[in-house]
Amino acid sequence: MEDVLRPLVVIGGSLAITLVIGWAVDWLLRRADARHPETPLWDRLRRCRLPLQVTVCTALLSGSYDKTEASVVQRHGSAIGQLLALVLIAAAAWLAVRVSSAIVESSYSRYASSAHDPARVRRVRTQVTLIQRVVAAIVGVVAASAMLLTFPTMRTVGTSMLASAGILGVVAGVAAQSTLGNLFAGLQIAFGDMVRIGDTVVVDGEWGTVEEITLTFLSVRTWDERRITMPVSYFTSKPFENWSRGGTQKVATVFFHLDHSAPIEEMRERLREIVQKSPAWDGRDWNLVVTDTTPSTMLVRALITARDPDDAWTVRCEVREKMITWLRETHPHALPRIATAPAAQPPQTPLERERAHERGNERRTTFARFEDGLRKDAQPPRQGGYDAQPPKQGYDAPGPWQGH
């Protein structure tokens with residue numbers, strides 16, 4: 001009977017103590033959160049209840065499992081102790097990651113609620129995200145190393161590895177050159193304020209918003225909900241457009257290819273009416289000018305200011321649509337056309353008319369002489385006289401032998 005009750009008491013007591021500690025800690029955190037609602041740390045620490053309970057329960061079992069005196073424990077005591085040690089290390093690492101994340105996130109939330117500069121908020125958010133990932137990576141590496149060192153054979157391997165650390169470091173550096181490059185590029189992006197989460201960027205001709213930054217890659221969400229994933233080293237080695245750096249205000253540009261008869265002044269008045277009714281216009285400035293001409297059209301450019309890239313895109317589409325509709329309905333001749341009729345000739349000066357008259361007389365005289373020559377060549381030859389052909393002589397003359 002004692003062989004059954006002792007394990008139940010040990011295991012049940014460990015579970016009961018774990019539940020009580022978890023409930024007590026959660027109750028204290030709720031009281032602190034209710035007393036200080038301006039601090040989000042206490043509410044975020046409540047998410048650490050599960051790793052805390054696993055850590056406490058594993059620690060209690062590690063210290064009392066040999067008191068059960070069960071046959072299974074006596075036969076496999078070392079294996080059970082090894083397993084509990086591994087679980088304890090993993091649970092402690094889990095708890096450390098959760099606590100650090102709660103502290104970092106609460107600090108960011110307090111800063112974001114009090115800051116008035118969106119660019120600074122995005123910068124801090126990028127740094128906080130990368131700090132969380134660095135802390136998680138360090139804790140994971142330390143936990144994995146501690147778990148390996150619990151095995152006696154791994155201690156000998158660790159000693160030999162320390163003896164050849166220089167060679168292994170060189171080999172690892174050469175083999176993981178790209179990975180280390182991305183790692184340092186991620187830290188450079190985080191603390192160099194090069195690009196931040198939420199920034200509007202143009203990369204390889206694609207327009208989108210930075211959605212995620214890690215230590216190795218960066219994800220950009222395009223306007224059509226696609227995701228472009230690229231290594232962070234790309235942003236430290238190649239140029240790219242960051243529309244959110246230095247302010248979000250933008251200038252939207254709309255080009256119109258129109259006929260030379262387009263009413264420019266009326267188009268300016270129409271543009272003023274459109275931008276004043278548009279909620280995407282920030283009220284700073286607008287204008288409309290002719291920037292270029294071609295033999296068949298002219299290029300008209302409209303500039304409209306906006307608060308951010310999204311409003312710039314919206315006002316650009318709105319101005320283009322309404323202006324083309326207005327031109328088609330009220331000034332259809334202003335739209336570009338393809339001329340199929342000969343162009344009208346400019347009036348001639350008196351000197352040009354006189355020269356043209358002389359050239360016409362010369363052409364008529366030349367044509368009359370040409371006609372006279374044709375008539376003379378067409379007349380039949382006359383009999384006798386100077387126009388009669390002489391009789392053929394020599395071998396061409398007919399003889400008495402011909403015809404026989």
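The structure is a predicted model: local features need pLDDT of at least 70, side-chain atom pairs count only at pLDDT 80 or more, and totals for chains, interfaces and linings use all residues. Residues are numbered from 1 along each chain as its sequence is written, and side-chain values use heavy atoms, with hydrogens and water left out.

**Cysteines**
- The disulfide count is 0, where a disulfide is a pair of cysteine sulfur atoms within 2.5 Å.
- Cys-48 is buried at 6% relative accessibility; buried means under 20% relative accessible area, exposed over 50%, and partly exposed in between (1.4 Å probe, protein chains only).
- Cys-57 is buried too, at 13%.

**Surface patch**
- Ile-17, Ile-21 and Val-25 make a nonpolar surface patch of about 210 Å².
- Patch residues have over 30% relative accessible area and no salt bridge; like charges are joined within 9 Å, nonpolar side chains (Val, Leu, Ile, Met, Phe, Trp, Tyr) within 5 Å.
- A salt bridge is a side-chain nitrogen of Lys or Arg within 4 Å of a carboxyl oxygen of Asp or Glu.
- Areas come from the Shrake-Rupley method with a 1.4 Å probe; for residues, only the protein chains shown count as cover.
- Ile-17 lies in helix H1 (residues 2-35); helices are DSSP runs (H or I, at least four residues), numbered from the N terminus.
- Ile-17 is partly exposed, at 44%.

**Ser-64**
- Ser-64 belongs to helix H3 (residues 49-64) and is buried at 17%.
- Beyond its neighbours within four places in sequence, Ser-64 contacts Val-10 and Ser-14 (heavy atoms within 4.5 Å).
- Ser-64 and Val-10 are 54 residues apart along the chain, yet their C-alpha atoms are separated by 6.8 Å.

Methods:
Helices (H or I, at least four residues) and strands (E, at least two) are DSSP runs, numbered from the N terminus.
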